[in-house]
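The sequence and structure come first, and the reading follows.

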Amino acid sequence: PLYSSAASDVYKRQEKNKPIEIAEKRDFYFKKALETRSKTSFNEVIINNGISFKFERIYMPVYNTDNNLEYVIGYGFDNTEAKDNEVALQIFKEAIENSSDGIAFCDTEGKYYYMNKVHASIFDYKKPEELYGLGWEILYDNEEIERLKNEVFPILGKEKVWHGETIGKTKTGRIVHQYISLTILPNAHLLCITRDISESIKTLILQRKFTKAIELSGTCIIMLDKNGELEWGNKYFYEITQLNIE
């Protein structure tokens, strides 16, 4: 009778012209619970009006003192929200891992517990796990640590967000110029998004040196646009031509 009551769901669905896959799956796990004489569980998806609902179903056989089957308890849980959150979390994690920026999370004590590979590589660490359990201070020298604590953290504590430039150091002591964004999350943990701008800083410094060298040069240097119109000239050019610099 126990088996027939479960299996009848298959035939009822056939009679109602409904998909029987769900009933067949239930029947399979119901028989498995009887055969193994133990609890069985499985997941199923019910679509109602175009909306998917996710359930965990459980069959648990109950035996009497003579070790004979007395009845089977069947019950389930609606874990739609949990499954949806699990999928969203996985998508979020993949987005972090595929980001071109370094992304890291610190707990309330300022210790790293998760980061993507980009963040670790910026500071010459081969694996993110090398930094897990360590405080963010390990990536800065004492002077920058004091600046962050005295200037940045008060703003961060008040506004919950801060972004700007910082100077970090790698595992080997190499200087890293960063542009970072800090966010205090609802659970008081810290989210840090960082981008290595060291090469941009080097380029800017070279440009400034180049511009200064041109300005101090005793040679007349000018720049023309594609139409041959004067676009830029150094100080010496304007001195010898007596042209208005404007």
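## Cysteines

Cys106 has a relative accessibility of 2% and therefore counts as buried, a term that here means under 20% relative accessible area, with exposed meaning over 50% and partly exposed in between (1.4 Å probe, protein chains only). Cys192, at 9% relative accessibility, counts as buried too. The structure holds zero disulfides, where a disulfide is taken as a pair of cysteine sulfur atoms within 2.5 Å. For Cys106, the nearest cysteine sulfur is that of Cys192, 7.2 Å away.

## Basis of the model

The model is predicted, and local features need pLDDT of at least 70, side-chain atom pairs count only at pLDDT 80 or more, and totals for chains, interfaces and linings use all residues. Residues are numbered from 1 along each chain as its sequence is written, and side-chain values use heavy atoms, with hydrogens and water left out.

## Aromatic pairs

The structure holds eight aromatic pairs, counted for rings of Phe, Tyr and Trp (its six-membered ring) whose centres lie within 6.5 Å, with planes under 30 degrees apart called stacked, over 60 edge-to-face and the rest tilted. Among them is that of Phe30 and Tyr59, whose ring centres are 5.2 Å apart and whose planes stand at 90°, so the pair is edge-to-face. Because Phe30 lies in helix H2 (residues 21–36) and Tyr59 in strand E2 (residues 51–63), this pair ties together parts that are 29 residues apart in sequence; helices (H or I, at least four residues) and strands (E, at least two) are DSSP runs, numbered from the N terminus. Phe30 counts as buried at 6% relative accessibility, and Tyr59 counts as buried at 14%.

Tyr59 also pairs with Phe42, with ring centres 6.0 Å apart and planes at 40°, so this pair is tilted. Phe42 belongs to strand E1 (residues 40–48) and Tyr59 to strand E2, 17 residues apart, and the pair thus links distant parts of the chain. Phe28, Tyr29, Phe30, Phe42 and Tyr59 form one aromatic cluster.

## Nonpolar surface patch

Met60, Tyr71, Ile73, Tyr75 and Phe77 make a nonpolar surface patch of about 420 Å². Such patches consist of residues with over 30% relative accessible area and no salt bridge, with like charges joined within 9 Å and nonpolar side chains (Val, Leu, Ile, Met, Phe, Trp, Tyr) within 5 Å; a salt bridge is a side-chain nitrogen of Lys or Arg within 4 Å of a carboxyl oxygen of Asp or Glu. Accessible areas come from the Shrake-Rupley method with a 1.4 Å probe, and for residues only the protein chains shown count as cover.

Strand E3 (residues 69–78) gives the most to the nonpolar patch, with four residues. Tyr75 lies in strand E3 and, at 32% relative accessibility, counts as partly exposed.
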